[in-house]
Amino acid sequence: TEPSVTYPNPDAYGYARTVAGVDGVKGNVDGDGSDPALTKLENPQHLATLAGTKDLVIMEREANNLKILDMETNAVTTLFHFPDLAIRAICTDPRGEFIFMMFATEIKQYDRANNVTTTLVSVEQMGAGIVEARGCAVSKDGYLGTTLVWYIDGAFVKKLWEVEIENPTNVVVHDFEAVSNDLAYSPDDRYIYFGHTNHIAKLSRATSETVVVAGQPGVFGQVDGSLADSLVAGPSAIIFEGTGRYIYFSDFRTIRRIDLTVPTSDPNYVSTLFGSFDSSQNIDGAQPEFWYLNGLALAPNDAYFYVSTDSKATVRRVSLGRDLVIGPPAPTCTACPAGMTSDFGSTSHLQCFTPIIRAPSMHSTYTELLPAPHNASFIRYDLGSVKNIESVNILLRGRGEKHGVQRQVSSWNTLKV
């Protein structure tokens with residue numbers, strides 16, 4: 001195992017400083033970190049850290065750039081520019097081996113070790129009518145989650161896809177009315193947390209059921225307290241603290257926390273850590289303020305929050321009073337117990353978990369909307385350990401054409417097993 005490296009944190013808890021860009025000045029200039037003002041950013045939105053490294057990945061949406069910020073030196077370098085693709089979101093896997101890039105009509109995967117970029121999900125697999133991809137997260141059991149939007153027969157259709165990374169033709173599809181800018185898998189892989197208008201919610205991977213965990217759907221505001229009392233303004237990014245005790249999310253002009261170690265009735269269940277609801281500008285220093293936060297990432301060892309504001313063209317960090325410690329992802333076990341399995345990718349550091357057992361009646365576990373009407377749909381059900389099944393109802397959704405006009409057709413069939 002490689003030794004960890006510690007980089008001292010010079011800042012006290014809560015101290016904020018700009019590490020890349022100049023407030024309100026847009027540009028496209030990499031920098032060596034000696035002076036953050038010499039680096040110019042266009043519109044930094046999504047942020048992601050790479051486990052086992054001191055790299056912070058920065059996505060610039062309108063400029064279609066992917067950049068890397070060195071968390072030790074603040075040097076910024078451009079990794080990719082996509083002149084013909086509209087980038088929408090980024091995420092990394094728990095080992096830090098891959099960067100996943102969501103585009104409007106496809107998903108790409110960058111293998112850091114081999115410096116190879118491949119298409120994980122093509123526009124053909126997403127299907128005709130795809131118009132948008134939002135949010136990105138990777139589970140320990142090797143699925144990439146994202147929310148997708150199709151425009152079909154004059155209406156928008158929204159789904160949450162989970163794509164198996166090592167076999168991307170396997171897709172679990174959840175019915176999903178929200179379009180979330182960001183997603184996060186719970187540390188036990190049981191839930192997908194997401195931010196939507198005025199609330200944070202979690203979706204069960206086994207049943208597709210959603211439960212609100214902060215805020216009140218349809219009620220705008222920013223109030224701390226119990227679940228019943230809490231209000232959320234406009235969540236844009238959501239992440240878990242390493243042990244799973246806390247959920248952090250950027251909300252309007254603040255960084256907020258959900259404490260999963262206390263009951264939802266506790267007055268400290270939802271709290272605001274940094275920033276203020278009525279802030280009108282970015283201010284560094286011991287009393288930081290923010291202007292419409294977009295991205296949010298947590299540095300290794302919980303040393304810093306990194307935040308981005310695309311309209312102000314800056315990336316900033318907020319100290320959490322701990323040193324930056326870089327090392328390989330810690331293994332949870334060297335061999336998985338009975339009934340458990342390890343995550344995808346290399347086996348140098350096993351992460352053990354209990355596999356998700358999805359309900360057999362879950363109608364959203366099929367791959368749909370394939371583009372060619374004559375193609376057979378690939379249908380996959382995760383039955384887990386469920387036994388003695390007599391039949392499975394499958395909703396087949398096809399696309400047909402009549403006189404050049406597309407129409408949607410649906411029918412129920414029964415598959416005997």
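Asp30 is partly exposed in this predicted model, with a relative accessible area of 34%. Its side chain meets that of Lys67 in a salt bridge, with 3.6 Å from N to O. Asp30 lies in the loop between strand E2 (16–20) and strand E3 (44–49), while Lys67 belongs to strand E5 (residues 65–70), so the pair ties together parts that are 37 residues apart in sequence. Lys67, for its part, is buried, with a relative accessible area of 0%.

A second pair to look for is Lys159 and Asp175, whose side chains form a salt bridge at 2.4 Å, N to O. Here the partners sit in strand E13 (residues 155–164) and strand E14 (residues 171–175), respectively, so this contact ties together parts that are 16 residues apart in sequence. Lys159 counts as buried at 6% relative accessibility, whereas Asp175 counts as partly exposed at 32%.

Arg245 and Glu241 also meet through their side chains in a salt bridge, at 3.0 Å from N to O. Arg245 is partly exposed, with a relative accessible area of 40%, and Glu241 counts as buried at 3% relative accessibility. The structure holds 17 salt bridges.

Turning to nonpolar side chains, Val131, Tyr151 and Phe156 make a surface patch of about 310 Å². Tyr151 is found in strand E12 (residues 143–152) and is partly exposed, with a relative accessible area of 41%.

Note on methods. Residues numbered from 1 in each chain as written. Predicted model: local features only at pLDDT ≥ 70, side-chain atom pairs only at ≥ 80, totals over all residues. Heavy atoms only, no water. Patch = residues over 30% accessible without salt bridge, like charges linked within 9 Å, V, L, I, M, F, W, Y side chains within 5 Å. Areas by Shrake-Rupley, 256 points an atom, 1.4 Å probe, with all protein chains shown as cover. Salt bridge = Lys/Arg side-chain N within 4 Å of Asp/Glu carboxyl O. Helix = DSSP H or I, 4+ residues; strand = E, 2+ residues; numbered from the N terminus. Buried < 20%, exposed > 50% of the residue type's maximum accessible area, 1.4 Å probe, protein only.
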